[in-house]
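I begin by displaying the sequence and the structure.

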Amino acid sequence: MRKYIGIPVLLLLLAGCARKEVIPEEASKPVLSSISVLEKDLVLLQGGSCELNFTVNSPSYSFNYDVTSSECQVLLRKPGGLLPTGVRIASVAAGQLPGTYTALLADTGGDTAYDENVSLCIQISPVGGAYVSSAAFHVKSERKQPETYTQTGLPVVYVDTEARAPIVSKEEYVAASMYILGEGGQEDLQPVTCSVRGRGNTTWSWPKKPYLVKLDEKTSVLDMPKHKRWILLANFMDRTLMRNLVSMKLSSMTSLAWTPRCRPVELVLNGRHVGSYLLIEQVRVDKNRVNITEMKAEDNSGDAVTGGYLLELDFHYDNEVQWVDAHGGSFQWGQESGIPFGVKYPDPEDLTSAQLDYIKGYIAKAASTLYGEQFTDPSEGYAAYLDVDSFIDYWLVYELMCNHELGNPGSVHMHKDRGGKLVAGPCWDFDWGILSFYTSAGETQLVNRNAIWYGRLFQDPVFAEKVKARFNELLPQLQTIPDYMDQCEALLTESAKLNFKMWNPAEDRSMNGGHIINGDENLSFHDAVQRLKHNYEKHLQVMQEKL
């Protein structure tokens, strides 16, 4: 006999169910079901690295991405589950947004090229090898070509111009890209876009060319601070390959406001190894270089017009804004007696007439005061216009290296900040006749005793005494330079072997009446370095005797 529940009872049961509290189930754990990679095509230089950005579908999903851990859950896999051999995950870092990550992929440095599809995988189960994989992305290696592979221990700079266009002008830039393989523990530079042109005066006329590289964006290069502009000095005439390197080392020992940082490198231009170069910071106004106030178009009066200015004294007289100051000094330019000044900053298109008038007037006043009757007066004489300490240290670097171009003058720099005095520096261009007794009397005499304004400055006994005291203060450091030359020789020996198979520095005689310039062009690399050391030590002794 069937029993039926009456309607009243049924209603009571339904009401009871409605009143019953629903107990929520335990919150489910985040589930990883998909990975999305943002890059589809990656190119890795030999020994280089690049970033792969990826996201997971569940931002709160937690996994071990510490690649140094044996329990790391992230890996790369090829189709079929094989692991790639030419590339690895160097690190993984969480992004700023939940669920976003950046993996650093690193080339393992082998010589075998690869061109394959790879997926990024996260292991979701330690048992059974269960993975979640991204869609495949393309990874390709770019190996050094045998004809351009240079194992000298120096970083290798690769510059490739658009359509392999030649660099034939000092005025016209050529579009290019640049990357660096950082040997000796130095960081790589991933490919960056840039423009390249020639540079230099005499040096541009020689077979091995120097270049100016202008990056599209400010970038740190070989651990040097970010900037767009970099110079590749050819050092064609320098059998030692270290005259500029040693000179910058000396300058860095002084109190000069800034010395260009530099690194010896190999240069591969459009696939061809073209020799040993010095990658060096260009002299520019910047917080990391010549750190002076940047001028504006409206800075035309009062304190604002007083700086900053970057000047170059150069007998080539090839600056766009230039003049000869005849208020002091004995340098002869053409039919005029005086010193050639040029404005490097502000740029010619930005320099106003008021600013030019100001700096020309300041130079004229400083020179006329220096050559005036009261020039030694500590408050009204030259010291009111010149930063004396910088002029002393600047002179010492030029004298120590027997660089006679302080007196020509060539590539001599001064700068003036807002409200400040005229400051000597930075040092630049130490290759012609450096520590060469062929071009100076440095074996027995001071070389720059009468260079530009220094002939007059040394007539002040107080200045002469300050130079002597500063020299003696620096002497313990200056005596370490021969050891530094030995270190440079060890660093550059392999580079020199390759470089001098390509270039003959004795060809510099074509610019010097048929006579070699530095005197060591026909020596071996080792003998040239030994001669450089000997000449430095000899002239250091001369300075101790003559100051």
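Which residues in H4 meet which residues in H8? I looked this up in the model, which is a predicted one. I found that Trp395, Leu396, Glu399 and Leu400 in H4 meet Tyr536, His539, Leu540 and Met543 in H8. I sorted the residues of this contact into six nonpolar, one polar and one charged.

Next I looked up how the two helices are arranged. Helix H4 covers residues 388-400 and helix H8 residues 525-546; their axes are 10 Å apart and the packing angle is about 130°. I therefore recorded H4 and H8 as oblique to each other.

I then turned to salt bridges. A search of the whole structure gave me 13 of them. In one, the side chains of Asp286 and Lys218 meet, at 3.2 Å from N to O. Asp286 is in the loop between strands S16 and S17, whereas Lys218 is in strand S13, so this pair ties together parts 68 residues apart in sequence. I noted Asp286 as buried, at 6% relative accessibility, and Lys218 as partly exposed, at 48%.

My next entry concerns Arg261 and Glu281, whose closest N and O atoms are 3.0 Å apart in a salt bridge. Arg261 lies in the loop between helix H2 and strand S15 and Glu281 in strand S16, so parts 20 residues apart in sequence are tied together. Arg261 is partly exposed at 30%, while Glu281 is buried at 0%.

Finally, I looked up Arg243 and Asp238, which form a salt bridge with closest N and O atoms 2.6 Å apart. Arg243 is buried at 0% relative accessibility, and Asp238 is buried at 0%. I also found that a network of salt bridges links Asp238, Arg243, Asp520 and Arg531.

Methods: Residues numbered from 1 in each chain as written. Predicted model: local features only at pLDDT ≥ 70, side-chain atom pairs only at ≥ 80, totals over all residues. Heavy atoms only, no water. Axes fitted to C-alpha atoms, helices over the stretch in contact; angles between N-to-C directions. Helix = DSSP H or I, 4+ residues; strand = E, 2+ residues; numbered from the N terminus. Parallel < 35°, antiparallel > 145°, perpendicular 65-115°, else oblique. Contact = heavy atoms within 4.5 Å. Nonpolar A, V, L, I, M, F, W, Y, C, P; charged D, E, K, R; others polar. Salt bridge = Lys/Arg side-chain N within 4 Å of Asp/Glu carboxyl O. Buried < 20%, exposed > 50% of the residue type's maximum accessible area, 1.4 Å probe, protein only.
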